[in-house]
Amino acid sequence: MNETYFDQSDVEQNKTMVLLSAILQIFIPILFFLPLVCCQNSSYGKFYANQGLLILLLYIASSVVLVIPILGWIAGPIIGIANLVFAIMNAVNANSGVRKGIPILGGIELIK
């Protein structure tokens, strides 16, 4: 698998805020926007803010699915566990400085 890396100076300069945001997103997904506010010109920050937004949208989708009887009771917890795993993977990837998205949804770019 070809992994691409961000500019090392961009990662070093913005790593603290991006990593803090990625770790906090495990518990509070709405905090995806922190790198956008603090690291406005950083492609590293924008990429991981985008990944955080995708995780937030998946949390919202799982909440909607939970309302559906029977299907929601089965699929809701599975999607919830996937959300947690994706959030942890996002934090690990943000720490490494690798441009690697979350599985399944990681290729979608909402923040440019």
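Isoleucine 70 is exposed, at a relative accessible area of 56%. Exposed here means over 50%, buried under 20%, and partly exposed in between (1.4 Å probe, protein chains only). The model is predicted: local features need pLDDT of at least 70, side-chain atom pairs count only at pLDDT 80 or more, and totals for chains, interfaces and linings use all residues. Residues are numbered from 1 along each chain as its sequence is written, and side-chain values use heavy atoms, with hydrogens and water left out.

Isoleucine 70 sits in the loop between helix 3 and helix 4 (71-96). Helices (H or I, at least four residues) and strands (E, at least two) are DSSP runs, numbered from the N terminus. The phi of isoleucine 70 is positive, near 65 degrees, in a residue other than glycine. Isoleucine 104 is not a glycine either, yet has a positive phi of about 70 degrees. This residue lies in the segment after strand 2 (98-99). Isoleucine 104 is exposed, at 80% relative accessibility.

Helix 1 and helix 3 (residues 43-66) pack against each other in the following way. Their axes come within 8 Å and cross at roughly 35 degrees. Axes are lines fitted to C-alpha atoms, for helices over the stretch in contact; angles run from 0 to 180 degrees between N-to-C directions. From helix 1, Asp10, Val11, Asn14, Lys15 and Val18 meet Ser43, Tyr44, Gly45 and Tyr48 of helix 3. Contact means heavy atoms within 4.5 Å. By class, this contact has 4 nonpolar, 3 polar and 2 charged residues. Ala, Val, Leu, Ile, Met, Phe, Trp, Tyr, Cys and Pro count as nonpolar; Asp, Glu, Lys and Arg count as charged; the others, Gly among them, are polar.

Two further residues of helix 3 were examined. Glutamine 51 belongs to helix 3. Its relative accessible area is 0%, so glutamine 51 is buried. Leaving out residues up to four places away in sequence, glutamine 51 touches Asn90, Gly101, Ile102 and Gly106. Lysine 46 is also found in helix 3. At 28% relative accessibility, lysine 46 is partly exposed. Lysine 46 and lysine 112 are 66 residues apart in sequence, but 7.1 Å apart in space, C-alpha to C-alpha.

Phenylalanine 33 lies in the loop between helix 1 (8-24) and helix 2 (34-38). Phenylalanine 33 is partly exposed, at 35% relative accessibility.
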